[in-house]
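This briefing goes through one protein model by topic, from the overall fold to individual side chains. The sequence and the coordinates come first.

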Amino acid sequence: MTTREATTTAPTEPEASIFRDTNYRWLFTAALVSKIGAQVSYIAIPLIAVTKLNATAGQVGLLGALSFAAFLLVGLPAGVWVDRMRRRPVMIAAQISRAALMATVPIAWALDSLTIYQLYAVVLLSGVGTVFDDVAAQSYLPHVAGRDRLVAANTGMSSLNAGSEVAGRSVGGYLVAAVTAAGAVMVDVAGFLLSALMLLRIRRPEAKPERATDRDLRREMWEGLRFVLGHPLLRPIAFAGALTNFSFQVNLVIMPIVFVRQLELSETALGAYLSLGGVGVLMGALLARRIAHRVGHGRMLWIAGAAVAPIALFVPLIDNGPWLFVAGAAWLLVTMKAGIDNVIQVSFRQRATPDAMLGRMNATMRFLMTGALAIGAAVGGLVAQLAGARAALWVSAAGLACIWMIIYFSPLRGMRDLPGEP
């Protein structure tokens with residue numbers, strides 16, 4: 001696709017609420033119960049490792065790393081497989097498999113046979129299910145909502161993701177206190193099963209992809225990579241998203257050290273600071289569609305980024321007293337920008353990609369962006385070790401301040417509307 005073709009004006013999205021669409025409501029609700037349950041386990045599984053198995057800090061760290069590992073191990077081939085199949089059955093199978101895996105934890109707990117190695121296996125294999133579910137869900141959304149309503153549909157989904165992080169982790173803490181960590185995991189199991197049932201209620205027929213006679217996994221994986229990295233719109237979106245993830249991860253890895261060791265603040269204060277991120281993403285997602293229609297979809301990405309760039313530089317100045325609130329407010333605004341990006345960039349990705357390539361495009365994006373999370377964690381720890389935690393926060397702030405330039409020096413800079421049909 002040439003740059004000129006990519007900037008074709010798309011029809012204005014209808015004002016009618018996307019939630020009037022019954023199929024979208026079922027898709028949204030299925031994602032809601034699944035993600036809230038997963039956030040409960042995000043709290044419960046590490047607590048099981050610590051309280052039940054007396055896991056060391058290194059073992060808990062490995063447990064967290066294995067939850068991301070699946071995106072790096074099977075992310076790219078998952079995109080190829082998703083493009084070969086109907087997307088809804090993939091999502092249903094992923095929900096059921098994750099429910100079955102998570103159910104083994106409270107069962108082993110009750111039988112007093114739970115080990116740290118079982119938890120390693122559960123989070124790793126559940127991560128494989130998450131990869132397939134995420135790739136299939138983002139590829140299935142244009143079919144359910146329609147390509148002309150992608151901004152509205154992604155606004156709902158991005159708001160759901162942010163809200164589930166805030167609500168799910170809070171609920172998880174209360175559940176662990178009320179019914180033990182093992183009992184809280186059963187909420188996750190129920191959420192996955194209920195999500196599968198809701199996906200079965202979607203009635204929009206999905207055509208079976210044509211079976212090519214010359215299928216080759218490696219070739220099709222490289223086709224996905226070449227498509228993303230060679231596309232004038234997808235390439236800057238991929239790089240901007242990767243730099244965003246890298247910068248956020250550096251901050252999130254180092255901030256606990258700053259709060260607890262340098263500022264001598266409580267874990268509650270750290271939790272309040274981190275929760276501002278979820279609130280900011282949610283606010284940005286809710287505002288994205290309205291701002292995009294006034295400013296322009298592509299233009300908004302760099303204008304909002306340029307406006308937030310100097311604000312990001314206040315985050316490393318965090319300290320006791322007034323600077324704690326200044327840094328918190330800056331973090332809120334930075335994450336609002338991320339919430340806007342989540343809606344608009346995903347909509348660009350889905351509109352610019354043909355149906356037959358959606359799975360590989362989404363898998364490639366997740367592979368690159370998850371890789372950026374891993375690199376960000378490693379770089380943050382290394383810089384903090386060599387130059388101090390504050391230096392790592394400045395690395396994070398510098399990355400956040402530069403993201404808008406990737407969009408500015410791309411065809412996205414002047415685009416008011418999403419691209420036309422691919």
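Is E223 buried, exposed or partly exposed? With a relative accessible area of 24%, E223 is partly exposed, because a residue counts as buried under 20% and as exposed over 50%. The model is predicted, and the values below are computed from it. The protein has 13 helices and zero strands, and E223 belongs to helix 7.

**Overall architecture**

- From the N terminus on, the elements run α-α-α-α-α-α-α-α-α-α-α-α-α.
- The protein comprises 422 residues, of which 50% count as buried.
- Among contacts with a separation of 6 or more, 88% are between residues 24 or more positions apart.

- Side chains of opposite charge can pair when their charged atoms come close.
- The count of salt bridges comes to eleven.
- E223 forms a salt bridge with R360, and the closest N and O atoms of this pair are 2.8 Å apart. E223 lies in helix 7 and R360 in helix 12, so the pair ties together parts that are 137 residues apart in sequence.
- E220 forms a salt bridge with R84, with 2.5 Å between the closest N and O atoms. Since E220 lies in helix 7 (residues 217-230) and R84 in the loop between helix 3 (57-83) and helix 4 (87-110), this pair joins parts that are 136 residues apart in sequence.
- E220 is buried, with a relative accessible area of 8%, while R84 is partly exposed at 22%.
- D83 forms a salt bridge with R87, the closest N and O atoms being 2.9 Å apart. D83 counts as buried at 9% relative accessibility, and R87 is buried as well, with a relative accessible area of 8%.
- A network of salt bridges links D83, R87, R219, E223 and R360.

- D216 is placed in the loop between helix 6 (150-199) and helix 7. At 36% relative accessibility, D216 counts as partly exposed.
- D216 and V80 are 136 residues apart in sequence, yet their C-alpha atoms are 9.3 Å apart in space.
- Helix 4 has 24 residues, which at 1.5 Å a residue should span 34 Å; the end C-alpha atoms of helix 4 are 36 Å apart, in agreement with that value.
- Just after helix 4, D112 takes a positive phi of about 60°, and D112 is a residue other than glycine.
- D112 lies in the loop between helix 4 and helix 5 (116-145), and it counts as exposed at 60% relative accessibility.

- Helix 13 covers residues 389-408; its 20 residues should span 28 Å at 1.5 Å a residue, and the end C-alpha atoms are 31 Å apart, which agrees.
- Helix 13 bends by about 25° at C402.
- The buried residues of helix 13 are A389, A392, L393, S396, A397, G399, L400, A401, I403 and I407.
- An α-helix has 3.6 residues a turn, so residues three or four places apart point the same way.
- The buried residues of helix 13 pack against helix 8 (234-262), helix 10, helix 11 and helix 12 (358-387).

**Nonpolar surface patch**

- L313, F314, L317, W323, V326 and W394 form a nonpolar patch on the surface, and together they have about 500 Å² of accessible area.
- Where is F314 placed? F314 is in the loop between helix 10 (297-312) and helix 11 (322-352).
- F314 counts as partly exposed, at 36% relative accessibility; this value qualifies it for the patch because patch residues have over 30% relative accessible area.

Technical notes: Residues are numbered from 1 along each chain as its sequence is written. This is a predicted model: local features need pLDDT of at least 70, side-chain atom pairs count only at pLDDT 80 or more; totals for chains, interfaces and linings use all residues. Side-chain values use heavy atoms; hydrogens and water are left out. Patches are made of residues with over 30% relative accessible area and no salt bridge: like charges are joined within 9 Å, nonpolar side chains (Val, Leu, Ile, Met, Phe, Trp, Tyr) within 5 Å. Accessible areas come from the Shrake-Rupley method with a 1.4 Å probe; for residues, only the protein chains shown count as cover. A salt bridge is a side-chain nitrogen of Lys or Arg within 4 Å of a carboxyl oxygen of Asp or Glu. Helices (H or I, at least four residues) and strands (E, at least two) are DSSP runs, numbered from the N terminus. Buried means under 20% relative accessible area, exposed over 50%, partly exposed in between (1.4 Å probe, protein chains only). The expected span of a helix is 1.5 Å times one less than its number of residues. The bend at a residue is the angle between axes fitted to the seven residues ending there and the seven starting there. Contact means heavy atoms within 4.5 Å.
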